[in-house]
Amino acid sequence: MLTAPTAAYAKLVAGWRANPLSFVGFFWPGMRLHKKQAEILLSLAEGVPETYVHAGNKTGKTLVSAMAALWFLCTRAPAKVITSSSGF
C-alpha cells in the first residue's frame, strides 16, 4: 500500500531534481562519473532543450542515459521516459 511521502522524503527528492549528481551519489555511492558524463546530467537539470552526446565506443553513453532516465522518473510524477537504440 502506497502512503503519502513524508516531508523529509519530499525535500530529498527536490534536491535530487535540482542536482542529478546528488541522485547518482545517493543510489550509487561508489560511482565516479567522467567530467563529460556529469556535464550531460547537469545539462538535463538546467533545462537545456537539447543535449548532444558525441559518439564513440566504450565512453559511458549507455550508463549516463540510463541514469538520466531513472533520475527523471524518480524526480517527476507522473513521468514517462522513452528510450531507443540503434543497436539490437
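Which residues in α1 meet which residues in α2? In this predicted model, local features require pLDDT of at least 70 and side-chain atom pairs count only at pLDDT 80 or more, whereas totals for chains, interfaces and linings use all residues. Residues are numbered from 1 along each chain as its sequence is written, and side-chain values use heavy atoms, with hydrogens and water left out.

Helices are DSSP runs (H or I, at least four residues) numbered from the N terminus. Leu12, Gly15, Trp16 and Ala18 of α1 meet Pro20, Ser22, Phe23, Phe26 and Phe27 of α2, contact being defined by heavy atoms within 4.5 Å. The residues of this contact divide into 7 nonpolar, 2 polar and no charged; Ala, Val, Leu, Ile, Met, Phe, Trp, Tyr, Cys and Pro count as nonpolar, Asp, Glu, Lys and Arg as charged, and the others, Gly among them, as polar. The axes of α1 (residues 7–18) and α2 (residues 20–27) come within 5 Å and cross at roughly 120°, so α1 is oblique to α2. Axes are lines fitted to C-alpha atoms, for helices over the stretch in contact, with angles from 0 to 180 degrees between N-to-C directions; angles under 35 degrees count as roughly parallel, over 145 as roughly antiparallel, 65 to 115 as roughly perpendicular and the rest as oblique.

For α2 and α3, the axes come within 8 Å and cross at roughly 125°; the two helices are therefore oblique to each other. Here Pro20, Leu21 and Val24 in α2 meet Ala38, Leu41, Leu42 and Ala45 in α3, and the contact comprises 7 nonpolar, no polar and no charged residues.

The largest nonpolar core has 10 residues in all: Val13, Trp16, Phe23, Val24, Ile40, Leu41, Val64, Met67, Ala68 and Trp71. Such a core is a set of buried Ala, Val, Leu, Ile, Met, Phe, Trp, Tyr and Cys residues joined through side-chain atoms within 4.5 Å. Two or more residues are given to this core by each of α1, α2, α3 (35–45) and α4 (61–75), with the largest share, 4 residues, coming from α4. Leaving aside residues up to four places away in sequence, Phe23 touches Trp16, Trp28, Met67, Leu70, Trp71 and Cys74.

Trp71 is buried, with a relative accessible area of 2%, whereas Phe26 is partly exposed at 48% (buried, under 20%; exposed, over 50%; partly exposed, in between; 1.4 Å probe, protein chains only).
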